[in-house]
Amino acid sequence: MLIIDCPWCGKRPEIEFRYGGEAHIARPADPSALTDQEWADFLYSRTNPKGLHAERWRHIHGCGRYFNAVRDTVSDFFVVTYKAGEARPDIGGDK
Amino acid sequence: MLERSMPTPVAANPLDALAASSRPVEAARLTALGPAARLAFRGREAAISPAGDAFGVALPREACRSHQAEGRFALWLGPDEWLLIVPGAEPAPIFAAIEAATAGMPRSLVDVSARSVGIEIAGAKAAFVLNQGCPLDLSLDAFPVGMCTRTVFHKAEIVLVRLAPDIFHIDVWRSFAPYVWELLEEGRRELA
Ligand SMILES: [Zn+2]
């Protein structure tokens, strides 16, 4: 079983968590100003990297909070976790 | 005219029948706990200490820790979320006191007394039995006395509190309670 380090609760078993998709995707401030293609990119296009990936997780059976994690999609290794609202740590990989 | 005084209806504990037919196991004693006042409090910074003052127990600010005093328990569930439990108490006066003390502040307060029921498991093998369905490290170093958290027991979500080295309190939504109880029974069967 994977152990995930919740920024609030500390190291906890994977079964307490839910995946929340790619992190750091801001909703456009004025969607009506976007072209259809730009809006579709916001909704559907994700980086899907081979390697380091910043993504959202929720400690749903714990503190209930969303947070972000950088995970290596090749090894499934969690490199770092950090609280929602904090910048992605500069550790390489796709931005 | 026929006059009758109606008894106050009390929500039946879903564990009554199971607890009545439970066999004693000294190493992991199971108890279905009685009714309790339970309040779910969430609030921003300004509301946290007034809520604790009104409750009579400071709300813990350290993650996964509980405070207790005079039979009142304040459990940290999240950075802005607490579960307040007072066994055997009426929720209304406690609710009113906290509501008044935090009036006008960003917060939410919900009476969830009837949402869940309490189970106590106590004895030298209590942690062993819990670990049949709970994936947390329940050694005293990793899960000390006073620690509390939401977690899972098999496929049910529970709130788990360690009150003493060998005494745990489980708070579980009432429709899941028989499921949790019977799996605890199964876990301790080999100890009988
Ligand atoms: Zn957490």
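Student: Are A:Cys9 and A:His59 buried or exposed?

Tutor: Buried means under 20% relative accessible area, exposed over 50%, and partly exposed in between (1.4 Å probe, protein chains only). In this predicted model, A:Cys9 and A:His59 are both buried. Local features here need pLDDT of at least 70, side-chain atom pairs count only at pLDDT 80 or more, and totals for chains, interfaces and linings use all residues. Residues are numbered from 1 along each chain as its sequence is written, chains are lettered from A and ligands numbered from 1 in the order in which they are written, and side-chain values use heavy atoms, with hydrogens and water left out.

Student: Which atoms coordinate the zinc ion?

Tutor: Donors are N, O and S atoms within 2.8 Å of the metal (3.2 Å for Na, K and Ca); water is not among the atoms, so sites may look incomplete. Here the zinc ion is held by A:Cys6 (SG), A:Cys9 (SG), A:His59 (ND1) and A:Cys63 (SG), at 2.0 to 2.4 Å. Along the chain, these donors follow the spacing C-x2-C-x49-H-x3-C. A:Cys9 lies in the loop between β1 (3-6) and β2 (10-13) of chain A, and A:His59 in the loop between β4 (52-58) and β5 (66-72) of chain A, so this pair ties together parts that are 50 residues apart in sequence. Helices (H or I, at least four residues) and strands (E, at least two) are DSSP runs, numbered from the N terminus.

Student: Why is the arrangement around the zinc ion tetrahedral?

Tutor: Ideal angles at a metal are 109.5 degrees for four tetrahedral donors. Four donors count as tetrahedral if all angles lie between 85 and 135 degrees. The four donor atoms around the zinc ion subtend angles of 104 to 116°, and the arrangement is therefore tetrahedral.

Student: Where do B:Arg188 and B:Glu185 lie?

Tutor: Both belong to helix α5 (residues 177-188) of chain B; because they are three residues apart, about one helical turn separates them. B:Arg188 is buried, with a relative accessible area of 1%, while B:Glu185 is partly exposed at 22%.

Definitions and conventions:
Tetrahedral: all angles 85-135°; square planar, octahedral: opposite > 155°, others 65-115°.
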